[in-house]
Amino acid sequence: MAAAIGTLASLLMPMLISMSFEGFLIAMAAPFLIGLLIVPRWPRAGAIWLGAMSLAVLAFSAPFIAEALAHPESTADFLPLLVFTVSTVVGTLAAIPAFRRGRDADGPSAPARAVALASAGVILVAAVVSVVALGGIQDAPALAGDIRVVTERFLFQPSGIPADAGEIAVHVTNRDGTRHTFTIDELGVDLNVPPNSTQRVTFTADPGTYRFYCRPHAPGMEGQLVVG
């Protein structure tokens with residue numbers, strides 16, 4: 001139950017931080033709320049349900065977890081996903097005893113308390129690491145001739161960028177509280193832009209139209225670079 005509550009918190013936390021409503025996160029949170037309602041009446045069935053849901057959402061989210069956890073400087077992304085990962089792993093493991101036929105949930109055992117304390121310790125240490133990483137972000141100043149782009153409210157402004165062929169320099173200002181990237185697959189461009197920071201990238205491009213996008217927030221966050 002504690003792991004399920006942790007998973008719920010990790011899914012609802014980003015919405016509270018951004019003060020927005022995300023139907024996708026609500027849909028992911030709903031099975032855990034259902035499980036918490038089942039456990040008091042049918043402990044074994046509730047434990048199995050929560051374990052199965054934990055394993056399912058963990059497997060579904062695996063492609064996104066590694067990258068986000070590799071960027072602790074984006075606290076709004078890093079901490080909720082870390083809590084989510086720890087909670088779903090613990091929830092999956094905690095449900096294993098319930099699969100034993102005829103066995104209902106027991107009270108907290110010494111191993112269970114140890115796992116809970118270890119999980120809390122991991123989250124606490126990770127929070128400190130995230131704060132330190134956030135404080136270590138260095139801004140890159142814009143130079144003369146740079147194309148200036150702003151990311152705000154999960155949009156690129158402007159979303160259409162003209163440029164001359166040859167060497168191109170793009171300066172990105174991130175005004176959101178979450179990490180973005182400025183990525184152009186065809187040109188090998190993948191600029192990491194931590195929250196509330198400014199970063200700069202240079203690259204060479206031939207004439208043509210190129211799609212740029214933010215990897216964590218695609219396909220909704222994208223634009224076009226038109227090189228003449």
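Leaving aside neighbours within four places in sequence, which residues is Thr 198 in contact with? Contact here means heavy atoms within 4.5 Å, and the residues that Thr 198 meets are Gln 138, Asp 139, Ala 140, His 171, Val 172 and Thr 173. The model is a predicted one, in which local features need pLDDT of at least 70 and side-chain atom pairs count only at pLDDT 80 or more, while totals for chains, interfaces and linings use all residues. Residues are numbered from 1 along each chain as its sequence is written, and side-chain values use heavy atoms, with hydrogens and water left out.

Thr 198 belongs to strand β7, residues 198-205. Helices (H or I, at least four residues) and strands (E, at least two) are DSSP runs, numbered from the N terminus. Thr 198 counts as buried because its relative accessible area is 18%; buried means under 20% relative accessible area, exposed over 50%, and partly exposed in between, with a 1.4 Å probe and protein chains only. Phe 203 is also found in strand β7 and is buried, with a relative accessible area of 7%. Leaving aside its neighbours within four places in sequence, Phe 203 is in contact with Gly 166, Glu 167, Ile 168, Val 170, Phe 182, Ile 184, Leu 187, Val 189 and Leu 225. The C-alpha atoms of Phe 203 and Ala 169 are 6.6 Å apart in space, although 34 residues separate the two in sequence.

The loops between strands hold several backbone features. Between β1 (147-152) and β2 lies Arg 153, which has a positive phi of about 55 degrees although it is not a glycine. Arg 153 counts as exposed, because its relative accessibility is 71%. Phe 154 is placed in the loop between β1 and β2 and has a positive phi of about 60 degrees, again without being a glycine. At 37% relative accessibility, Phe 154 counts as partly exposed. The peptide bond from Gln 157 to Pro 158 is cis, with omega near 0 degrees, and Pro 158 lies in the loop between β2 (155-157) and β3 (160-163). Another cis peptide bond joins Ala 218 and Pro 219, with omega about 5 degrees; Pro 219 is in the loop between β8 (208-213) and β9 (222-227).

Attention now turns to the helices. Helix α2 (residues 23-38) has 16 residues and reaches 23 Å from its first C-alpha to its last, close to the expected 22 Å. The expected span of a helix is 1.5 Å times one less than its number of residues. In α2, a kink of about 30 degrees lies at Ala 29, shortly before the proline Pro 31; the bend at a residue is the angle between axes fitted to the seven residues ending there and the seven starting there. Leu 25, Met 28, Ala 29, Pro 31, Phe 32, Gly 35 and Leu 36 are the buried residues of α2.

A kink of about 65 degrees lies in α3 at Ala 62, shortly before the proline Pro 63. Among the buried residues of α3 are Gly 46, Ala 47, Leu 50 and Gly 51. Ile 48 also lies in α3 but counts as partly exposed, because its relative accessibility is 23%. Ile 48 and Pro 97 are 49 residues apart in sequence and 9.0 Å apart in space, C-alpha to C-alpha.

How do α3 (residues 43-69) and α4 (residues 75-94) pack, and at what angle? Their axes are 9 Å apart and the angle is about 145 degrees. Axes are lines fitted to C-alpha atoms, for helices over the stretch in contact, and angles run from 0 to 180 degrees between N-to-C directions. Residues of α3 including Leu 55, Leu 58, Phe 64 and Ile 65 meet residues of α4 that include Phe 78, Leu 81, Phe 84 and Val 89. By class, the contact of α3 with α4 has 12 nonpolar, 7 polar and no charged residues; Ala, Val, Leu, Ile, Met, Phe, Trp, Tyr, Cys and Pro count as nonpolar, Asp, Glu, Lys and Arg as charged, and the others, Gly among them, as polar.

Ser 119, Ala 126 and Ser 130 are buried in α5, and the buried residues of α5 pack against α4.
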